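Keep the sequence and the 3D view side by side.

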Amino acid sequence: MHLPCLTLPLLIALLSTSSVHADRQDFLHARIIPVTGPEIEDGYLIIDDGKIVSVGSMNEYQSSSGMSHDCTGKTIMPGLVCTHSHIGIQGPGGGGGDGSGPIQPEVRILDSIDVENAGFRRAVAGGLTCLNIMPGSGHLSSGQTAYVKLRPAKRVEDLLIMDDNDRPMGGLKMANGTNPQRDAPFPGTRGKSAALVRQAFIDAQDYQQQIDDAADDPDKLPDRNLKLETLAEVLRGERVVHHHTHRHDDILTVLRLADEFDFQVVLHHVSDGWKVADEIAAAGAPCSVILVDSPGGKQEAVGLEYRTGHVLDEAGVTVAFHTDDLITDSRWFRRMPALAMRAGLDRQTALESLTINGAAMMDLDDRIGSLEAEKDADFVILDGDPFSIYTKTLETWVEGRKVFDLTDPGDHLYAVGGPGAGQPERPYLCCIDEGHE
Amino acid sequence: MKGLAQLLFVLMLAPLASGETILVYADTIHTMAGDAIQDGYVLVRDGDIAAVGQADDYAPDGTETIMKAALVTPGLVDAHTCVGLAGHLNTKHDRDELDRGNPVQPHLRAIDAYNPHERLVEWVRGFGVTTVHTGHAPQALVSGQTMIVKTAGNRVEEATIKSVAMIACSMSDTAISGDNPGTRAKASAMLRQKLLDARHYVDKQSSTKNDDESDDSETDGSKRKRRDLELEALAGVLKGETPLLIHAHKARDIANALRLQEEFDIPIVLDGASESYMLMDDIKASGIPVFIHPTMIRPYGERENLSFETASKLIDADIPVAMQSGYESYVPRTRVVLYEAGMAAANGCDFNDALAMITITPAKILGIDDRVGSIEVGKDGDLALYDGDPFEWTTHCTGVVIDGKIVANTPR
């Protein structure tokens, strides 16, 4: 993004003050996949001020004085939503909870995100626009996750998605199975894992009870406790639990605890999900599935099958996929539902699994995940069908700003690799501080 | 045609023990020996390819087992993997691809570690992979031997095409991840010394033999050189019979491998080679073939500069390059070489070049192209059947034939 590197923000700033419609951009003659509506063979997408204005067939298009892009032969779909990513938290000191204990809900992953990580550049090259950045699975709870948009960023605040109260949005990462099991104070068994989690939530219930009993009397309120405060948010339904779980019995343990403490949970990975699909459906828990080339590599994933997404969908479960980047690379996120289609998943669900379903798991489906009027202008322009291996991501747009362009040499480097592609680099606005160009 | 029918009639009279006959019809057959055949057939009899051509040119006699596919390729050849030594559980029980007892162990035989019943062998076979070059992992300076097997067979001996294929080495970060060796220079020094020791060993063995002959002193134990399995394994390298498979990613590590080849004049195959695009002239001049890293291998550490387009660049430079599924120590425990070639096809390789990287090219580099790698009369009856473009994510592998036997026929 050589030119936009400096000029795009300025351009936007200049144009937005000069004319109401100056920011309007029309994308014409594209094949449009709105996801929540039928595909449009010869369609248009109009965006303005970071939002989608309208989507429709070219038959109904009314031209304007705004900037227009000829998208003949191209496909436009919503920006891809990854419900489980680890981009930007690698390296020394990166990540969530440390080795001091198994349950660390007080830790915020947003305090550990390096916005210069090259992974962000690769993610937009893959058409991703929204991530749930998660701390790891080596703890029963390794901390709070961060919902981010892949905007141009100099600091993590530029990436964060804020809620109506202007607080950063995110869930709580939890895990069971083998990853959190190690030497004390970490659990050594599954039974111990569940017991530790139950005790933590019981303590949070007590903490919440003290708050309720205080009835807003500051003298009676308990001292703030970041750990219990976070768990209390979970108990109040204000924070979703994103739960790593693979094996069938581990999955059912998560559902058992969610039922006991009445928290909202999204099941992640669910390698054995095909074995307990009906139970998951009955619990109403959505699933974010990972699909890798072969089963195993770790004990709890030996049951992994390509058909998991299909079986869960047939059972009535809401299904998304996730990259788990770097476990799989964000640049071919589209591959995962395509491999699930190979094992029976229908195309429409595959499209939803990359977009609106993931958005719903992050309570963002009112803002992103489909091409509909008034939603954020987050979209990707492809040169073919999203589920073909030969299809390239040409452009990625976040809130009306182009954040990836395959024709730009810098972006191309991160899209296909080459000398320097692994080096951390300040994304997008590389030169703005230096004041040159 | 008439002659063929007569031959078939004769064969029908032959005892049933002569074996199954499989007749495969396909819209497209990529023989990898000449142009693709449209509306073609392949006849496999007694384990070998008996005929291939236009479907109209063959009259079935009713005894054949008939298979149909949109597209047929030769059984795929994975240029390099660790599957069978590396198992899906990834526990002590099935983690036989790496022993860390010593940084240089060329005497560890793959044949003593390969499990033909490993679930991952069946897994890759389901996608059309019929031959794998597998063995010890590229995680030590010299981790052990590799072998070539078919992905079928009850005992390793039944599966084996070549019991000693190469010696797996690493001149990359994986060789110096421990204390011994601790640096690249030390790794090179250790490897060079071991090769020199092997050269002395070869010389002494041959001179001892001469002494034995002249002195007629076979019973004189003091004159016989003690057999040394490590040096014996490397002797094959110095004699030019067994290539060193050298794992290297950074350009400087690749350069170190080239220097080693120049010094010892030994056969070398480059493994991984993610920065090979920076040294293409040198690699080409050396004549060294490349087993390129899986296209989708994770781009961090010494692989941070990998490019999806490297395979196509090497092919354009006329460097022999085959695709590998490589080694994975975690998840996924094995990659599928078909997928990796597909990603190369989506990143600059033309279809035939990408398919060659998992068929005829690795067969040639591995020296087994008299048996596998293309659909030609007389070669092994190894076929992969697909219901579309095999590289597309949504295409299925619908059948796999190895040595004339159907080993998979559920869509995968």
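The model is a predicted one.

Start with chain A. The domain assignment divides chain A into domain 1 and domain 2. Domain 1 of chain A is written in two segments, 2-78 and 375-416. Domain 2 of chain A covers 81-361. Their centres, taken over C-alpha atoms, are 30 Å apart. Where they touch, domain 1 of chain A supplies 18 residues and domain 2 of chain A supplies 22 residues. On the domain 1 side, three elements of chain A give two or more residues each: strand 16 (393-398), strand 17 (401-405) and helix 11 (409-416). That side of domain 1 of chain A holds 11 nonpolar, three polar and four charged residues.

Next, a helix pair in chain A. Helix 3 of chain A spans residues 190-214, and helix 4 of chain A spans residues 226-235. The two pack at an angle of about 85 degrees, and their axes lie 8 Å apart. Angles of 65 to 115 degrees count as roughly perpendicular, so helix 3 of chain A is roughly perpendicular to helix 4 of chain A. Helix 3 of chain A brings A:Ala200, A:Phe201, A:Asp203, A:Ala204, A:Gln205, A:Tyr207 and A:Gln208 to the contact. Helix 4 of chain A meets them with A:Leu228, A:Leu231, A:Ala232 and A:Leu235. By class, this helix contact has eight nonpolar, two polar and one charged residues.

Now turn to the chain contact. Here 34 residues of chain B are in contact with 30 residues of chain A. On the chain B side, helix 2 (119-125) and helix 9 (337-345) of chain B are the elements that give two or more residues. Helix 9 of chain B gives the most, with three residues. The classes on the chain B side are 17 nonpolar, 10 polar and seven charged residues.

Finish on one residue of chain B. B:Leu355 sits in helix 10 (residues 351-356) of chain B. Is B:Leu355 buried or exposed? A residue counts as buried with 20 or more other C-beta atoms within 10 Å of its own. B:Leu355 has 25 C-beta neighbours inside 10 Å, so B:Leu355 counts as buried. Leaving out residues up to four places away in sequence, B:Leu355 touches B:His30, B:Met32, B:Thr73 and B:Ala341. B:Met32 is 323 residues from B:Leu355 in sequence, yet the two are 8.2 Å apart in space, C-alpha to C-alpha.

Technical notes
Residues numbered from 1 in each chain as written. Chains lettered and ligands numbered in written order. Predicted model: local features only at pLDDT ≥ 70, side-chain atom pairs only at ≥ 80, totals over all residues. Domains from an automatic or database assignment. Contact = placed C-beta atoms within 7 Å. Helix = DSSP H or I, 4+ residues; strand = E, 2+ residues; numbered from the N terminus. Nonpolar A, V, L, I, M, F, W, Y, C, P; charged D, E, K, R; others polar. Axes fitted to C-alpha atoms, helices over the stretch in contact; angles between N-to-C directions. Parallel < 35°, antiparallel > 145°, perpendicular 65-115°, else oblique. Buried ≥ 20, exposed ≤ 12 C-beta atoms within 10 Å, placed from the backbone.
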